[in-house]
Amino acid sequence: MTGSGSVAARPVIVIAGPTASGKSALAVDLAVEFSGTVINADSMQVYDQLDILSARPSPAELARVPHRLYGSVDASESCSAGRWRQMAAVEIEAAWAVQRLPIVVGGTGLYLKALTCGLSPIPDIAAEFRHQATALLEQLGEAAFHRELAKRDPVMAARLATGDRQRLIRAFEVSLATGRPLSDWQNEPLSGSPVAARYCTLVVLPERQKLYAGIDARFEQMVDGGAVEEVRNLLALNLDPALPVLKALGVPELGRYLNGECDLDHAIADGQRATRNFAKRQLTWLRHQLKNDLEIPAQYSESLRAEIFSFIRPFLLTDCP
C-alpha cells in the first residue's frame, strides 16, 4: 500500500507477532543485515516508566542498531494509535533520509493497521468526555455501564466484554462527544498510510504451547530482574487509574502483591495467566486481521535467519513507483 502523493514508494518492513515470539531479536538481526532502524509498534513499550514488564529490547540489542519510540512517552500520558502513527511516520521518514531501512516491530494490531491501512476519521476527543465516562463507570459499576453503552452503541457493546473498561470508556466517550456511535465512525473509509511506503509484513506465529512456556519463563525472569520494584515506582506516581500504563500486563497483578492482597507466587501465576490469555487474543487477531507476506510458524531463532533474509532481499530490490 502506498501513501498519497507522487513520491515513489519506499520499503518498510513490518514484523508482527504475539508477546514473547522473538520479534525484537528478528528486528535486530534484520537491521544489522540490511542497515535498518528498528521502530517500536508496541503500545506498552512506548512508555518510559515501563521498561522491564513491557520487555523492551535489552541494552545489548539497543546498542547494535538504532531503535526509536521505545520509552518515548511519559506514563502520565495516553498514547493513542493516532499519536503513535504520527510519531512512526516521522521516524520512517527519518530512517529513509539517512538511507536506512525502517523496520516496524510490535504486537499491537491497532497500531500496525493504523500505519499500513489508516485510521477511521474519528475526531479528537476532549479529555473532559473521558473524565465524564470514567466517572459514570465508577458510579454505576461495570455491568450497568455496559448497559448504558448498549443504549448508545449496541454494536460496540456486543463486541466488548463487561470488564474491558478501557475500550468501554473509549466507546462511550466517542458517543458522548460526537453524538455518533464509535461503531459508525469505524465504518467510515480509512485514511490510508501516512507515508509513501510499500510494506513487507512478516508475522511470527509460534506453536501455542511453546509460546506459553516461553511466556511463563519470561515473566519469572522479569520478576527476578526487578519488575516488582518497577511497579512499586510506577504506583508511587499516583497516576490516573484510567491510564493505559496501569493496565499493562503484570502491573495489576504485582500491584495486588504490593498492596498485600496476595503473596508473590500468586501474583506471578496471575501475571503469567493474564499474559497467556493476551497472547491467545493476539494470535487470533494476527491470523484473521493482518495480511502477511511471510508467516513464520515458529518462535524466531538464528536457525530461521537465512530463510527470512532470502525472502527479504528481492523485496528490497524491487523498483515500485
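Predicted model: local features only at pLDDT ≥ 70, side-chain atom pairs only at ≥ 80, totals over all residues.
Helix 13 has 26 residues, and its first and last C-alpha atoms lie 37 Å apart, close to the 38 Å expected at 1.5 Å a residue. Helix 13 covers residues 264-289. Its buried residues are Ala 267, Ile 268, Gly 271, Gln 272, Thr 275, Ala 279, Gln 282, Leu 283 and Leu 286. An α-helix has 3.6 residues a turn, so residues three or four places apart point the same way. The buried residues of helix 13 pack against strand 1, strand 5, helix 10 and helix 12 (251-258).

One of these partners, helix 10, spans residues 208-224 and packs against helix 13 at an angle of about 140 degrees, with the two axes 9 Å apart. Angles over 145 degrees would count as roughly antiparallel and those from 65 to 115 as roughly perpendicular, so helix 10 and helix 13 are oblique to each other. The crossing of helix 10 past helix 13 is right-handed. On the helix 10 side the contact includes Leu 211, Tyr 212, Ile 215, Phe 219 and Val 223, as well as Arg 208, Asp 216 and Glu 220. On the helix 13 side the contact residues include Ala 267, Ile 268, Gly 271, Thr 275, Arg 276, Lys 280, Leu 283 and Arg 287.

An open sheet is formed by 6 strands in the order 3-2-4-1-5-6, with parallel pairing. Strand 3 (67-68) and strand 6 (294-296) are the edge strands, each pairing on one side only. Within the sheet, strand 1 (residues 10-16) pairs with strand 4 (residues 101-106) in the parallel sense over 4 bridges.

Helix 8 (residues 165-178) has other helices as its neighbours. Its 14 residues should span 20 Å at 1.5 Å a residue, and its end C-alpha atoms are 20 Å apart, which agrees. Leu 168, Ile 169, Ala 171, Phe 172, Glu 173, Val 174 and Ser 175 are buried in helix 8. The partners of these buried residues are helix 5 (127-140), helix 6 (142-152), helix 7 (154-159) and helix 9 (182-186). After helix 8 comes Gly 179, with a positive phi near 75 degrees.

Methods: Residues numbered from 1 in each chain as written. Heavy atoms only, no water. Pairing = 2+ DSSP bridges. Helix = DSSP H or I, 4+ residues; strand = E, 2+ residues; numbered from the N terminus. Expected span 1.5 Å × (residues − 1). Buried < 20%, exposed > 50% of the residue type's maximum accessible area, 1.4 Å probe, protein only. Contact = heavy atoms within 4.5 Å. Axes fitted to C-alpha atoms, helices over the stretch in contact; angles between N-to-C directions. Parallel < 35°, antiparallel > 145°, perpendicular 65-115°, else oblique. Left-handed = near helix turned anticlockwise from the far one by under 90°.
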